[in-house]
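Me: I am new to this structure and would like to go through it with you. Could we look at how its parts are arranged?

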Amino acid sequence: MLRTVNRVLLGLVGLVLLVLGGAVLAVGLGLEPPSWWIHDGRHDVLLSQAERTRWRDEGWWWPTVIAVLALLVLLALWWLTAVLRRHRLTEVLVDTGDGEGALLRGRALEGVLTTEAARLDGVERAHAHLTGRRGAPEARLRARLQPHAHPADTLHRLTTEAVAHARDSAGLAALPAEVRLRGVKHRAERVS
């Protein structure tokens with residue numbers, strides 16, 4: 001959801017800036033602006049002295065300006081914290097079969113996934129991260145591969161062993177996983 005809101009807001013801001021910038025550039029290059037445009041020609045400023053000081057003496061002007069700017073700052077801070085906040089799943093709901101259920105710490109399941117993935121042949125280092133809802137968790141797994149590792153084989157073993165074991169041990173019906181593999185930089189080997 002946040003990713004979609006992020007993309008829509010960035011797209012709208014980008015579109016508005018592109019249209020305004022393109023229109024100002026077109027007028028600056030000599031194109032005739034429409035009658036409703038905010039300035040008349042090439043040598044016109046966007047806000048004249050009279051337009052800038054028009055509302056200054058009105059009693060509602062400064063409280064309105066301050067309220068709008070404060071709202072914009074609060075929205076920008078909300079957006080920033082939403083983007084920077086880590087969406088780590090703190091607990092996973094495990095079905096115990098008695099209708100009650102139990103809660104498993106998300107970090108514990110991440111630790112098991114990380115440890116089991118790092119023990120696989122060809123994996124130098126691994127890191128797991130759980131997202132989603134506690135009833136339907138999703139795993140994000142990053143692994144650095146050793147130089148001799150085959151990515152397809154390692155991916156198959158990660159999904160059939162580490163992720164499947166975590167899914168089965170937590171009693172989950174499914175554990176969708178996004179796996180990102182990265183190779184370790186190494187020097188070229190000499191062939192004789």
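This is a predicted model: local features need pLDDT of at least 70, side-chain atom pairs count only at pLDDT 80 or more; totals for chains, interfaces and linings use all residues.

Me: Understood. At what angle do α4 and α5 pack?

Reply: The angle is about 155°, and the axes of α4 and α5 lie 9 Å apart. Because angles over 145 degrees count as roughly antiparallel, α4 is roughly antiparallel to α5.

Me: Is the crossing right-handed or left-handed?

Reply: The crossing of α4 and α5 is right-handed.

Me: And which residues make the contact?

Reply: From α4 come Leu109, Leu113, Glu116 and Ala117, while α5 supplies Leu158, Glu161, Ala162, Val163, His165 and Ala166. Sorted by class, seven residues in this contact are nonpolar, one is polar and two are charged.

Me: Turning to the strands, what is the order in the sheet?

Reply: The order is β3-β4-β5, in an open sheet of three strands with mixed pairing. At the edges are β3 (123-133) and β5 (177-183), each of which pairs on one side only. From one strand to the next, the twist averages 15°.

Me: How many bridges link β3 and β4?

Reply: There are ten bridges between β3 and β4 (residues 136-145), and the pairing is antiparallel. His127 is placed opposite Arg142 of β4.

Me: Where do the two helices lie on the strands?

Reply: Helix α4 (residues 106-118) lies across β3 and β4, at about 150° to β3. Helix α5 (residues 151-169) lies across β3, β4 and β5, at about 145° to β5.

How values were computed:
Residues are numbered from 1 along each chain as its sequence is written. Side-chain values use heavy atoms; hydrogens and water are left out. Two strands pair if DSSP finds at least two bridges between them. Helices (H or I, at least four residues) and strands (E, at least two) are DSSP runs, numbered from the N terminus. Axes are lines fitted to C-alpha atoms, for helices over the stretch in contact, and angles run from 0 to 180 degrees between N-to-C directions. Contact means heavy atoms within 4.5 Å. Angles under 35 degrees count as roughly parallel, over 145 as roughly antiparallel, 65 to 115 as roughly perpendicular and the rest as oblique. A crossing is left-handed if the near helix is turned anticlockwise from the far one by less than a right angle, and right-handed if clockwise. Ala, Val, Leu, Ile, Met, Phe, Trp, Tyr, Cys and Pro count as nonpolar, Asp, Glu, Lys and Arg as charged, and the others, Gly among them, as polar.
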